[in-house]
Amino acid sequence: MHSLFNPTDRDALARRIAELGPDAPRQWGKMDPAQMLRHCAIALGDLLGERPVKQVFLGKLITPLIRGQIFGDKPFRRNSPTDPIYVVADARDFEAERARLATLIDRVVQLGAAKTEGMVHPFFGRLSGPQWGQLIYKHFDHHLRQFGA
């Protein structure tokens, strides 16, 4: 399984982010590329402690049923529901958002899998360090595919 903590996988994501253009047409969803970059940055910010995170009740109920799908090799499906906290609807500066996301990726990588061990995801709850790396990779891959990158 791919992971943000694997240098080869991380480099592949970085190339795809670098190739993404501000006018890339979306294949599904409502966000434009700049909004998507901000959306991904907000998710990384949670892991980095930018806001307090607790697992939502619905996540406690559903996560045991879908854990295999989330951490399996199959990509996330199109138009998966998004928690309103992560919805970005306002106009964003593409280059600023790309730079911010790159900085946050570097910060997460510097933390490493060991220091993300047991941190709480707002839907999936406590995750292992390797699960965090896999989830971040899979989330970014999902959105990069959304824009053909």
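Tutor: Gladly, and let's start outside: Asn79 counts as exposed, at 52% relative accessibility (exposed is over 50% relative accessible area, buried under 20% and partly exposed in between, with a 1.4 Å probe and protein chains only). Asn79 sits in the loop between α3 and α4, and it has a positive phi of about 60° although it is not a glycine. Helices here are DSSP runs of H or I with at least four residues, and strands are runs of E with at least two, numbered from the N terminus. Please keep in mind that this is a predicted model: local features need pLDDT of at least 70, side-chain atom pairs count only at pLDDT 80 or more, and totals for chains, interfaces and linings use all residues. Residues are numbered from 1 along each chain as its sequence is written, and side-chain values use heavy atoms, with hydrogens and water left out.

Now to the core itself. A nonpolar core is a set of buried Ala, Val, Leu, Ile, Met, Phe, Trp, Tyr and Cys residues joined through side-chain atoms within 4.5 Å. The largest one has 33 residues, and those with the most contacts inside it are Leu20, Met36, Leu44, Leu101, Val108, Ile136 and Phe140. Two or more residues each come from α1 (7–19), α2 (33–47), α3 (57–70), α4 (94–116) and α5 (129–146). Of these, α2 gives the largest share, seven residues.

Leaving aside neighbours within four places in sequence, Leu20 is in contact (heavy atoms within 4.5 Å) with Pro33, Met36, Leu37, Phe94, Arg98, Leu144, Phe147 and Ala149.

Thr116 also deserves a look. This residue of helix α4 is buried, at 0% relative accessibility. Not counting residues up to four places away in sequence, Thr116 touches Phe5, Leu47, Leu111, Leu127, Gly129 and Trp132.

Phe124 is buried, with a relative accessible area of 12%, whereas Phe123 is partly exposed at 24%.
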